[in-house]
Structures are given as C-alpha cells and as structure tokens.
Amino acid sequence: MRPLIVGNWKMHGLSSQLADIRALAAALKTRSTQAEVLICPPATLIERAARAADGVVAIGGQCCHHALSGAFTGELSAEMLRDAGASCVIVGHSERRQQHGETDALVAAQARAAVRAGLLPLICVGETQAQRAAGQSMAVCGEQLAHSVPADKAGAALVIAYEPLWAIGSGRLPSADEISNMHAHLRQCLLARLGLAGEAVRILYGGSVTPGNVRHILALPNVGGVLVGGASLPAADFEAIVRSTDH
Ligand code: PGA
C-alpha cells in the first residue's frame with residue numbers, strides 16, 4: 001500500500017498559505033510521488049484548499065462533531081467538512097483529548113460520524129510521558145484503540161496514528177524498536193477488533209517527524225505513513241517529507 005503522508009496544520013494558516021498547497025499540487029503533477037498526500041488545514045481554509053489541491057493532494061479536517069447537525073455553537077459536523085471538500089478527518093488527536101476532554105467513546109462516535117459522511121477517519125492514540133515511564137504505553141494505546149475504533153468498520157476505511165504525547169512538538173523520538181513494537185501491538189489490536197480487515201489498516205507514526213528522520217521511520221515494519229505537525233508548515237520541509245518516499 002502507498003505510504004500516507006499527512007500534514008496537520010493545527011491552528012496555523014491564513015489565505016496566504018494556500019499558495020503552498022497550490023505549489024505542492026503543481027510539483028506533484030509535474031513529478032508524481034509514491035506517497036498519498038493529505039493536508040489538514042484549519043476548517044476556514046478547507047474549501048479553498050481543496051480547490052488549490054486540484055485533486056492531487058487530499059484535504060482533511062482536524063476534528064468533527066459526532067452529530068449530524070444541531071444546537072452546537074461553534075462545532076462542525078463531518079457532513080459540513082465533506083461538503084466543503086474534505087475527504088478525511090483526524091479524530092482523537094491528543095490535543096483534543098487533553099484540551100477538550102474528548103474520551104474514547106466520543107472519538108468512536110466522531111469516527112462513526114466521519115464514515116457516515118463519507119470521510120476517512122484518522123484515529124489518533126498515544127501515551128503520555130508518565131504512562132511511558134510507568135511501562136504502560138502498550139496497555140494505554142491498546143485500550144484507546146479498542147474503545148476509539150468503531151467495531152463495525154472495514155479496515156481500508158480507517159487509518160490509525162500512533163502519536164506518543166511526549167514526542168509531539170518536542171524533537172524527541174521513540175527508538176526504532178519502540179515504534180516497531182508499538183505498531184506491531186496496534187496491528188494485533190486491530191486484528192482482534194476488526195478481524196482480517198485489520199490487516200489493511202494503515203498505522204501512521206506521528207511526533208517530531210522531520211525531513212531528516214522520516215526515511216528511517218517509514219522503513220520500519222507496520223509503519224504505513226506519517227502524521228506531521230510542525231514540519232508540515234514550511235512548504236519545503238513538507239515536500240521533502242513527501243519526496244522521501246520516492247527512490
Ligand atoms: P509534530 O506534531 O510533528 O509537531 O510533533 C505532530 C502532531 O501533533 O500531529
């Protein structure tokens with residue numbers, strides 16, 4: 001399966017940054033890449049980003065509400081993201097889990113809403129530094145996965161991202177063994193949850209991915225791509241990460 005390279009812009013990006021998406025799309029049209037590329041800009045840019053991406057780069061949301069519509073001031077439904085031009089949505093990012101109190105059950109409901117709207121849900125899991133120090137990484141991430149992944153979803157219709165919280169924005173990276181062991185564990189959890197369909201789910205790594213370390217990460221077993229925050233903002237860095245999948 002083609003590696004999936006995702007840029008999560010978080011709360012960054014104004015109209016002027018659309019030029020970066022336009023330039024990346026043009027570059028990929030001129031010289032195609034092995035990777036599937038997805039950019040998740042702030043919701044205010046989704047519609048214009050989808051136009052700028054010109055069908056070459058997919059555009060996604062960073063979160064969605066689980067309801068179809070209703071009296072939820074400030075929220076966006078999965079249908080609205082889809083209507084604006086998104087094909088995917090991140091759910092359960094640790095910043096949402098921590099800053100907005102999103103639980104596994106809520107994340108599962110959001111993932112179901114995404115699928116209902118025709119969006120690919122990208123479900124994030126990851127342990128804190130304290131949980132890691134206590135030797136609980138595998139148990140924590142396995143639990144999150146078991147409760148955040150809707151049981152009835154076919155494998156190809158969702159993506160998992162392993163993002164250790166202590167690696168996000170810190171410049172610190174788990175060792176190759178730590179990533180491989182965690183991804184192997186998440187694969188087993190997916191097989192237990194989804195049966196054979198769990199084999200087809202891409203498991204991304206996220207947390208301090210840079211043009212300098214991405215090759216080494218993508219070469220690890222059970223790593224189907226990367227979720228990139230900080231390094232997805234400078235256009236040259238993100239393109240270098242995308243191009244790292246070409247030989
Ligand atoms: P980072 O963020 O690449 O800046 O560490 C990753 C993420 O939070 O998705």
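A: Strand β6 (residues 159-162) and strand β7 (residues 202-206) pair in the parallel sense over four bridges. Two strands count as paired if DSSP finds at least two bridges between them; strands are DSSP runs of E with at least two residues, helices are runs of H or I with at least four, and both are numbered from the N terminus. The model is predicted, so local features need pLDDT of at least 70 and side-chain atom pairs pLDDT 80 or more, while totals for chains, interfaces and linings use all residues. Residues are numbered from 1 along each chain as its sequence is written, and side-chain values use heavy atoms, without hydrogens and water.

Tyrosine 162 has tyrosine 205 in β7 as its bridge partner. Both strands belong to a barrel of eight, closed in the order β1-β2-β3-β4-β5-β6-β7-β8 with parallel pairing. From one strand to the next, the twist averages 25°. Such angles run from 0 to 180 degrees between N-to-C directions, with axes fitted as lines to C-alpha atoms, for helices over the stretch in contact. Helix α8 (residues 176-194) lies across β5 (120-125), β6 and β7, at about 145° to β7; contact means heavy atoms within 4.5 Å.

The ligand is surrounded by 13 residues, and Lys10, His93, Glu163, Gly169 and Ser208 are the closest. A residue counts as near if one of its heavy atoms lies within 4 Å. A polar side-chain atom of glutamate 163 is 2.7 Å from a ligand oxygen atom, and a backbone N or O atom of glycine 169 is 2.6 Å from a ligand oxygen atom.

Notes. A polar contact is a pair of N or O atoms within 3.5 Å; within protein, one must be able to donate a hydrogen and the other to accept it, and residues adjacent in sequence count only if both atoms are side-chain atoms.
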